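Thanks for coming. I have one structure to go through today, so please look at the screen.

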Amino acid sequence: MTHRVRLTRSAERDRNRAIAWYDAEAPDQTERFIDDFYVAARRLEEFPHSGPVVRSGARRVSLRLFPYQLWYRVHDEAKVVEIIAVLHHRQDPERLNDRLSRQPGE
């Protein structure tokens, strides 16, 4: 079963902030980060239930090379994986409380 991956606006901002950080602080790693992000997203297309349910129906998987996690929800009826956050491992997951309570797409 193949799902489409969709990022919320907040998750897009998270990803873009991470890319901007790598552009400024480690420009030789930017493309590797982007590739790692898309490898993880493509993996979710094929294996949407691979990450454990952590909180409020949200699941989490880690990127393989970089210290970031994708927090997401699976909507099987629509065959959509909705990424709700791109969170650095050192960031407090409590920051996600408002996102976890939002409706899909917000």
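Ser 56 sits in the loop between E2 and strand E3, residues 58-62. The names come from DSSP runs, numbered from the N terminus: a helix is H or I with at least four residues, and a strand is E with at least two. Before going on, this is a predicted model, in which local features need pLDDT of at least 70 and side-chain atom pairs count only at pLDDT 80 or more, while totals for chains, interfaces and linings use all residues. Residues are numbered from 1 along each chain as its sequence is written, and side-chain values use heavy atoms, with hydrogens and water left out.

Back to Ser 56. Its phi is near 50°, a positive value in a residue other than glycine. Why point that out? Most residues other than glycine have a negative phi. Ser 56 counts as exposed, because its relative accessibility is 52%. The cut-offs are these: buried means under 20% relative accessible area, exposed means over 50%, and partly exposed is in between, with a 1.4 Å probe and protein chains only.

Lys 79 also has a positive phi, near 55°, and is likewise not a glycine. Lys 79 lies in the loop between strand E4, residues 68-75, and E5. At 41% relative accessibility, Lys 79 is partly exposed.

Val 54 belongs to strand E2, residues 53-55, and is partly exposed at 34% relative accessibility. Which residues does Val 54 contact, leaving aside its neighbours within four places in sequence? They are Arg 59, Arg 60 and Trp 71; contact here means heavy atoms within 4.5 Å. Val 54 and Trp 71 are 17 residues apart along the chain, and their C-alpha atoms are separated by 9.0 Å.

Arg 59 is in strand E3. Buried or exposed, then, for Arg 59? Arg 59 counts as buried, because its relative accessible area is 15%. Not counting residues up to four places away in sequence, Arg 59 touches a list of residues including Pro 48, His 49, Val 54, Leu 70, Trp 71 and Tyr 72. From Arg 59 to Pro 48, 11 residues apart along the chain, the C-alpha separation is 9.2 Å.

Next, salt bridges. A salt bridge is a side-chain nitrogen of Lys or Arg within 4 Å of a carboxyl oxygen of Asp or Glu. How many are there by this rule? The count is 2.

One joins the side chains of Glu 82 and Arg 6, at 3.5 Å from N to O. This pair links distant parts of the chain: Glu 82 is in strand E5, residues 80-88, and Arg 6 is in strand E1, residues 4-7, 76 residues apart. Glu 82 is buried, at 2% relative accessibility, whereas Arg 6 is partly exposed, at 35%.

Another is between Asp 14 and Arg 17, where the closest N and O atoms are 3.4 Å apart. Both residues lie in helix H1, residues 9-25, and they are 3 residues apart, about one turn of the helix. Asp 14 is buried, with a relative accessible area of 7%, and Arg 17 is partly exposed, at 49%.

One more residue, towards the end of the chain. Arg 90 is in the loop between E5 and helix H3, residues 97-100. At 78% relative accessibility, Arg 90 is exposed. Arg 90 and Tyr 68 are 22 residues apart in sequence, with 8.6 Å between their C-alpha atoms.

Finally, the chain as a whole. The protein chain has 3 helices and 5 strands, and their pattern along the sequence is β-α-α-β-β-β-β-α. Its C-alpha atoms fill a box of roughly 40 × 30 × 20 Å along the principal axes. With 106 residues, a compact globule would have a radius of gyration near 13 Å, and the chain's 13 Å agrees with that. The radius is taken over C-alpha atoms, and the globule rule is 2.2 Å times the number of residues to the power 0.38.

Of the 106 residues, 43% count as buried. Among contacts with a separation of 6 or more, 50% are between residues 24 or more positions apart. That is the end of my part.
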